[in-house]
Amino acid sequence: MLSPVGALNNGLELLADEKDPAMRQRCLDLLEQSARISANKLKFFRLAYGAAGGFGEQVPVDEAHELLTSLTEADERLTLEWAVSEPTLSKPAIKVLLNLAAMGLDSLVRGGTLAVGAERNGGQTEIAIRAGGPRVAFDANIGKALDGSLDADELSGRTAPAHLIRLIVERDGGAVQYHHSKEALVLGAMLPDPEGMIG
């Protein structure tokens, strides 16, 4: 959030001092872009960490798709491949999917493709994320937070999403795994369907 909010602040300062109509319009365009990016990130955070998605236990996958599309469209170096045919997923599955996807996006420091897949099969939801591109980066401590080997006193804002995923899958009796190479980061999770879920 720091980048788009900082851009909003800078744009307002420039707008206050700018007299040229063409430059004022350019400032307004940049403010609009920064406001849109900020709004999309806030929506992402609400669904990935909060109580967004309504009061039911199921969340339409279109919400997650729209959020990830908005985040990848903001950077022309990124491409999103979406392979989720389910109309809805459980809230825990959506939270895990979005947090894994965010890790994938963070790893694409030089751009690349984020492939997102999920399906319900045999009473469980399987999630697969692949981030591929040149020099894919992945913090080893995030991996440790995912596999549960990171000490609690080493948790930080950067490792918190991975720790959250770990807590969700452990609570629900699921599993999470990852594999990192220079060209790709592959993240996967399995979550049993909540009791009483039909499908």
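Reply: With a hairpin: β6 and β7 form one, with three residues between them. The model is predicted, so local features need pLDDT of at least 70, side-chain atom pairs count only at pLDDT 80 or more, and totals for chains, interfaces and linings use all residues. Residues are numbered from 1 along each chain as its sequence is written, and side-chain values use heavy atoms, without hydrogens or water.

Me: How many bridges join β6 to β7?
Reply: Strands (E, at least two residues) and helices (H or I, at least four) are DSSP runs, numbered from the N terminus. Two strands pair if DSSP finds at least two bridges between them. Six bridges join β6 (residues 175-180) to β7, and the two run antiparallel. His 180 has Leu 185 of β7 as its bridge partner.

Me: Which strand do nine bridges join to β7?
Reply: β5 (residues 124-132), antiparallel to β7 (residues 184-192). Arg 130 stands opposite Val 186 in β7.

Me: At what angle do the axes of α4 and α6 cross?
Reply: Axes are lines fitted to C-alpha atoms, for helices over the stretch in contact; angles run from 0 to 180 degrees between N-to-C directions. The axes of α4 (residues 91-107) and α6 (residues 160-171) come within 10 Å and cross at roughly 150°. The helices are therefore roughly antiparallel (over 145 degrees).

Me: Which residues of α4 make the contact?
Reply: Contact means heavy atoms within 4.5 Å. On α4, Pro 92, Lys 95, Val 96, Asn 99, Leu 100 and Met 103 take part. Their partners on α6 include Leu 164, Ile 168 and Arg 171.

Conventions:
Angles under 35 degrees count as roughly parallel, over 145 as roughly antiparallel, 65 to 115 as roughly perpendicular and the rest as oblique.
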